[in-house]
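This report goes through one protein chain part by part. Keep the sequence and the 3D view at hand while reading.

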Amino acid sequence: MTTLQNKKMVVVGAGSGIGRRIAEDATAQGAQVISVGRPELDLTDEATIRAFAERVGELDYLVSLAADHANGPVTELDRGAVHRAFDAKVIGPILLAKHLAPHFRPDGAILLFSGGAAWRPAPGRVVMAATNAAAAAAAAALAVELAPLRVNALAPGIVDSGIWDGPGKDSFLTAIAERNPARRVGTPADISAAALLALTNPFITGTTLHVDGGGRLA
């Protein structure tokens, strides 16, 4: 198992609860972490991505958690919102791989974020299901094309990361916990631990790691 000591890691989407936890845990284990949010990197603009890659220089790990949701009934979907969702979750990460791939040191790895919606779709979540499935497929294809650079996807289930905060949160999370085989919902720490495993295990590539408490089975 590779350690994170003195490794350079880019975390795109580090403003989220999960992304922030990954950045914190990696830093605690000795990595140099470059945390990137929307103000620093526009995933809809390839020129911006190219310039970012040039600034980063050599690196060891890339994690992309970027997302832009377009939820709602399919009969009411806005084309622009759908396009932005694919830009954030699929097209942007592919372009990150395009421009950063030449900069990876030996034993490097990319981790894209998929999500449980691809395996457990629900009404009003067709775009979420499609983008998450596409991210997983992209990771597998990139693992083949960019080998020996490793590429994986991680598919979280329901995680108490702050995105569910608001009225009805407790009852919603309780219901999910009762249904999940693990009998609880996830935490940012759960997802971070799995993400760092996927990045540092030299024999994991081209796969989607489900970290959902068994939620896709329930």
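## Salt bridges

The whole structure contains 9 salt bridges according to a search. The model is a predicted one. Side chains of opposite charge can pair when their charged atoms come close.

One of the salt bridges joins the side chains of D68 and R38, with an N to O distance of 3.7 Å. This pair links distant parts of the chain, 30 residues apart: D68 sits in the loop between β3 (59-64) and α3, and R38 in the loop between β2 (32-36) and α2 (46-56). D68 is partly exposed, at 26% relative accessible area. R38 has a relative accessibility of 61% and counts as exposed, because the cut-off for that class is over 50%.

R105 belongs to strand β4 (residues 104-113), while E58 is in the loop between α2 and β3, so the pair ties together parts that are 47 residues apart in sequence. R105 counts as partly exposed, with 28% relative accessibility. A network of salt bridges links E58, D60 and R105.

Strand β4 also holds D107. The phi angle of D107 is positive, about 70°, although D107 is not a glycine. D107 is exposed, with a relative accessible area of 58%.

## Helices α3 and α4

How do α3 and α4 lie relative to each other? Helix α3 (residues 79-100) packs with helix α4 (residues 126-146) at an angle of about 10°, and their axes are 10 Å apart. Angles under 35 degrees count as roughly parallel, and α3 and α4 are therefore roughly parallel to each other. On the α3 side the contact is made by V82, A85, F86, K89, V90, I94 and A97; the residues of α4 in it include V127, A130, T131 and N132. By type, the residues of this contact divide into 13 nonpolar, 2 polar and 1 charged.

V127, in helix α4, is buried, with a relative accessible area of 5%. Leaving aside residues up to four places away in sequence, V127 touches A70, L77, V82, A85 and F86. The C-alpha atoms of V127 and L95 are separated by 20 Å, and these two residues are 32 residues apart along the chain.

## The two sides of α5

Which residues of helix α5 (residues 169-179) are buried? They are K169, L173, I176 and A177. These residues cover an arc of only 100° around the axis, so they are on the same side of α5. S171 and E178, on the other side of α5, are exposed.

K169 also takes part in a salt bridge: the closest N and O atoms of D160 and K169 are 3.0 Å apart. K169 has a relative accessibility of 18% and counts as buried, because buried means under 20%. D160 is partly exposed, with a relative accessible area of 32%.

## Backbone details

A147 and P148 are joined by a cis peptide bond, with omega about 10°. P148 is in the loop between α4 and β5 (150-156).

R183 is in the loop between α5 and α6 (188-200). Its phi is near 60°, a positive value in a residue other than glycine. R183 is exposed, with a relative accessible area of 56%.

Definitions and conventions: Residues numbered from 1 in each chain as written. Predicted model: local features only at pLDDT ≥ 70, side-chain atom pairs only at ≥ 80, totals over all residues. Heavy atoms only, no water. Axes fitted to C-alpha atoms, helices over the stretch in contact; angles between N-to-C directions. Helix = DSSP H or I, 4+ residues; strand = E, 2+ residues; numbered from the N terminus. Parallel < 35°, antiparallel > 145°, perpendicular 65-115°, else oblique. Contact = heavy atoms within 4.5 Å. Nonpolar A, V, L, I, M, F, W, Y, C, P; charged D, E, K, R; others polar. Buried < 20%, exposed > 50% of the residue type's maximum accessible area, 1.4 Å probe, protein only. Arc of directions from axis to C-beta. Salt bridge = Lys/Arg side-chain N within 4 Å of Asp/Glu carboxyl O.
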